[in-house]
Amino acid sequence: MFRCRGLALLSICLISAASLAAEPTWESRDGSFKVTYESELQPLVINRIHSWTLNVTDAAGTPVEGAVITVDGGMPIHDHGLPTQPRVTNEVAPGRYVLEGVRFHMPGSWELVVTIESGDVRDAVVIVLDW
């Protein structure tokens with residue numbers, strides 16, 4: 001659910017954090033990894049660049065240290081990618097990675113594809129956000 005303030009087309013829309021994640025943990029396609037995330041914005045705001053903390057574990061729940069993580073995505077229904085190029089900039093604790101440059105420019109159905117490489121394992125987590 002979201003609400004917009006003002007009448008202008010470029011008004012600021014606030015998104016309820018509870019409406020974003022349909023489940024608290026996202027499992028990778030092959031089951032190798034699990035990801036949870038925390039946004040620095042609570043609630044999220046349309047058109048504001050912000051960062052997330054990604055918590056990455058293996059299937060057994062052990063934090064995945066030293067992983068190479070890339071993020072892509074977009075709005076499949078609108079056939080466009082993300083308006084920014086989010087990237088992981090730091091591992092702040094075992095399995096906790098800072099993702100900077102996240103921005104959503106409109107409400108709708110978004111996908112963030114988090115590709116994780118650790119050792120010889122490469123797998124992707126698709127985080128679906130609907131609002």
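Colleague: Is Glu38 buried, partly exposed or exposed?

Modeller: This is a predicted model, and the computed relative accessible area of Glu38 is 40%. Buried needs under 20% and exposed needs over 50%. Glu38 therefore counts as partly exposed.

Colleague: Which residue forms a salt bridge with Glu38?

Modeller: The closest N and O atoms of the pair are 3.4 Å apart. The cut-off is 4 Å. The partner of Glu38 is Arg96.

Colleague: How many residues apart in sequence are the parts that this pair ties together?

Modeller: Glu38 lies in strand β4, residues 33-39. Arg96 lies in strand β10, residues 96-102, so the pair ties together parts whose separation in sequence is 58 residues.

Colleague: How many salt bridges does a search of the whole structure find?

Modeller: One is the Arg96 and Glu38 pair. Glu117 and Arg122 also meet through their side chains, at 3.4 Å from N to O. The search of the whole structure gives a total of two.

Colleague: Of Glu117 and Arg122, which counts as exposed?

Modeller: Glu117 has 35% relative accessibility, so it counts as partly exposed. For Arg122 the value is 56%. Exposed means over 50%, so the answer is Arg122.

Colleague: Over how many bridges do β11 and β12 pair?

Modeller: Strand β11 covers residues 109-118 and strand β12 covers residues 121-130. They pair in the antiparallel sense. Val114, for example, has Val125 as its bridge partner in β12. The count for the two strands is ten bridges.

Colleague: Which residue in that hairpin takes a positive phi?

Modeller: The hairpin of β11 and β12 has two residues between the strands. The phi in question is near 60°. The residue is Gly119.

Colleague: Is Thr115 buried or exposed?

Modeller: Thr115 lies in strand β11. Beyond its neighbours within four places in sequence, Thr115 is in contact with residues including Val68, Ile69 and Arg122. Its relative accessibility is 14%, and the limit for burial is under 20%. Thr115 counts as buried.

Colleague: What is the relative accessibility of Ile127?

Modeller: Ile127 has its place in strand β12. Not counting residues up to four places away in sequence, Ile127 touches Trp26, Tyr37, Trp52 and Trp110, among others. Ile127 counts as buried, with a relative accessibility of 0%.

Colleague: How many aromatic pairs does the structure hold?

Modeller: Ring pairs link Tyr37, Trp52, Phe104 and Trp110 into a cluster. The structure's number of aromatic pairs is three.

Colleague: What is the angle between the planes of Tyr37 and Trp52?

Modeller: Tyr37 is in strand β4 and Trp52 in strand β6, 15 residues apart. Both are buried. Their rings lie 4.2 Å apart, centre to centre. The pair is stacked, with an angle between the planes of 15°.

Colleague: How many residues apart in sequence are the parts tied together by Trp52 and Phe104?

Modeller: The rings are tilted, 6.5 Å centre to centre with 45° between the planes. Phe104 is buried, with a relative accessible area of 1%. Trp52 lies in strand β6 and Phe104 in the loop between β10 and β11, so the separation in sequence is 52 residues.

Terms used
Residues are numbered from 1 along each chain as its sequence is written. This is a predicted model: local features need pLDDT of at least 70, side-chain atom pairs count only at pLDDT 80 or more; totals for chains, interfaces and linings use all residues. Side-chain values use heavy atoms; hydrogens and water are left out. Helices (H or I, at least four residues) and strands (E, at least two) are DSSP runs, numbered from the N terminus. Buried means under 20% relative accessible area, exposed over 50%, partly exposed in between (1.4 Å probe, protein chains only). Two strands pair if DSSP finds at least two bridges between them. Contact means heavy atoms within 4.5 Å. Rings of Phe, Tyr and Trp (its six-membered ring) pair if their centres lie within 6.5 Å; planes under 30 degrees apart count as stacked, over 60 as edge-to-face and the rest as tilted.
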